[in-house]
Amino acid sequence: MSSSSNITHFSQACIHGYAVSSQAEKKSRFMKWLSLLFKSGAGNKETETGSRHRLAFGDGNIARHAPVRSLDDRARANKEKEELDRAIALSLAEDSNKSNGYKWRKADIDEDLARKLHDEMNSAPFLPPCPPRDHLSRSYRVCGGCKREIGYGNYLGCMGMFFHPQCFCCHACGYPITEGEFSLLDRKTYHKSCFKELTHPKCEVCNQFIPINRVGLIEYRCHPFWSQKYCPSHEHDNTARCCSCERLESWNARYISLGDGRSICLECMESAIMDTGDCQPLYHAIRDYYEGLNMRIEQQIPMLLVERQALNEAIEGEKHGFHHMPETRGLCLSEEQTVTSVLRRPRMERRGLVGLRTQPHKLTRRCEVTAILVLYGLPRLLTGAILAHELMHGWLRLNGFRNLRPEVEEGICQVLSHMWLESEVISEAQSSSYQASSSTSQPSSSASKKGGKSIAESKLGRFFIHQIAHDASPAYGGGYRSAMAAVNVHGLRRTLDHIRFTGTFPVVNSSD
């Protein structure tokens, strides 16, 4: 029975704790357990620490093969575990043989801690030693910029490719992209600022990026012929517009003021006719053009270049006639008036045109046409187009065409203006092409003697042709298109005869 009682007590002592005679004895035995615990776990811990030290942290794609654990390592671990269990059992047996006079302490906490450490040490997974770094396999990366292998160090990944940081460059400026954001177009990378310079339209007046409107869209105005893009605000901020080509004044190139509220760009100024004397050769050349069409004008009709104010005053004194608004550039005068004309051209100085001399002319009526007035300071081709238009008014009045509707009279006058411009621009281009292809040709025309028209002047002539063809007004635009359709089908002479007798254009069938 006594032996049975001792076994039960041992069992209870193993579960609930152990008895100690003194604090020193308890400490001695507890330290003995811990020394055995750490001694048994030293082998595993040493293996674990060594494997961590040898781990190679390089690229993400690393393959390593763990060697098979040897039999000697497993036998050694099992032997150490048996020795530890035997030491714990002997220590507990010694405690159970102590007298009952010893008092109980709360040593079960220390015992649980020791057992927990022991279990963790024995249950920790064994980490095999890693193979040397030379045996690690690494994925092969090639830089998408320089096409060289990316070794060790920093690299960038984008669009399924890899780049050295210095090779990830902007396709516009060629410098590396170091910002956190970039723009992509057709698989080409750009700095955000370079991409904006490349794609965001700039105003050709203020040279700034065209602002975005309230709904997040880029809104701008564009000239239908010159394709000049500009901010909508420049239509209302008093930005100067050329009175000839209609282009807005750029902040980089100043226009020239003509002194009567009009401004003119430098390209148009190159061929501008500035006084009445300078315009006489052009006027006679257009009269010769009419004579070539069998439309000779017998009467000597005076022609004067005037300022805007003088032209507006003459329009007010004219009882009859239809005028192109908001700007009238020429007038076929049929009433007697006193008109102030430009006698001597002004000279150009830094502050603008100065020295303009004018002279009043009293115009008397000797026939149905008193005079032809044209604004001064316009390019040669535009001045000629206006003269051709106004001379057609004079030809109609001198040849008995009476009481024509505005769209008929203005329409046929625009046809003659268009025809003269085409003869100047297109024939000049054909003549230049012929002279370039023939090395033996001799200059025979007046244009050739003057050196021909410049590229800018030729383009200006095409703009004036475009302006006539796309005029939106019913009389000038609609009348021109109806008149030109009739002339193209029936010819100029038959169209004029039809207008004389009916006051309308001949009918043009859709099949024609």
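Trainee: Let's start with one residue. With 51% relative accessibility, does Glu181 count as buried or exposed?

Mentor: Glu181 counts as exposed, because its relative accessibility of 51% lies over the 50% cut-off. Please keep in mind that this is a predicted model.

Trainee: Thanks! With which residue does Glu181 form a salt bridge?

Mentor: The partner of Glu181 is Lys192, and their closest N and O atoms lie 3.1 Å apart. This pair links distant parts of the chain, eleven residues apart: Glu181 sits in the loop between strand 2 (161-163) and strand 3 (183-185), while Lys192 belongs to helix 5 (residues 192-199). Lys192, at 47% relative accessibility, counts as partly exposed.

Trainee: How many salt bridges does the count come to?

Mentor: The count comes to 14 salt bridges. Among them, Glu197 meets Lys202 through their side chains, at 3.5 Å from N to O, and Lys202 is partly exposed at 29% relative accessibility. Another joins Arg365 to Glu368, with 3.1 Å between the closest N and O atoms. Here Arg365 is partly exposed at 38%, and Glu368 is partly exposed at 31%.

Trainee: Which residues are linked in a network of salt bridges?

Mentor: Look for Glu219, Arg221 and Glu235, which are linked in such a network.

Trainee: Now to helices. What should I look for when two of them pack?

Mentor: The general idea is that two packed helices are described by the angle between their axes and by the distance between those axes. In this structure, take helix 9 (residues 380-398) and helix 12 (residues 455-469): they pack at about 35°, and their axes are 9 Å apart. Their crossing is right-handed.

Trainee: Which residues meet in the contact of helix 9 with helix 12?

Mentor: From helix 9 come Arg380, Leu381 and Leu382, and from helix 12 come Glu457, Gly461 and Phe464. By type, the residues of this contact divide into three nonpolar, two charged and one polar.

Trainee: What span should the 19 residues of helix 9 have?

Mentor: Counting 1.5 Å a residue, helix 9 should span 27 Å, and its end C-alpha atoms are 26 Å apart, so the two values agree.

Trainee: Is helix 9 mostly covered or mostly exposed?

Mentor: Mostly covered, since 17 of the 19 residues in helix 9 are buried, meaning that each has under 20% relative accessible area.

How values were computed:
Residues are numbered from 1 along each chain as its sequence is written. This is a predicted model: local features need pLDDT of at least 70, side-chain atom pairs count only at pLDDT 80 or more; totals for chains, interfaces and linings use all residues. Side-chain values use heavy atoms; hydrogens and water are left out. Axes are lines fitted to C-alpha atoms, for helices over the stretch in contact, and angles run from 0 to 180 degrees between N-to-C directions. Helices (H or I, at least four residues) and strands (E, at least two) are DSSP runs, numbered from the N terminus. A crossing is left-handed if the near helix is turned anticlockwise from the far one by less than a right angle, and right-handed if clockwise. Contact means heavy atoms within 4.5 Å. Ala, Val, Leu, Ile, Met, Phe, Trp, Tyr, Cys and Pro count as nonpolar, Asp, Glu, Lys and Arg as charged, and the others, Gly among them, as polar. The expected span of a helix is 1.5 Å times one less than its number of residues. Buried means under 20% relative accessible area, exposed over 50%, partly exposed in between (1.4 Å probe, protein chains only). A salt bridge is a side-chain nitrogen of Lys or Arg within 4 Å of a carboxyl oxygen of Asp or Glu.
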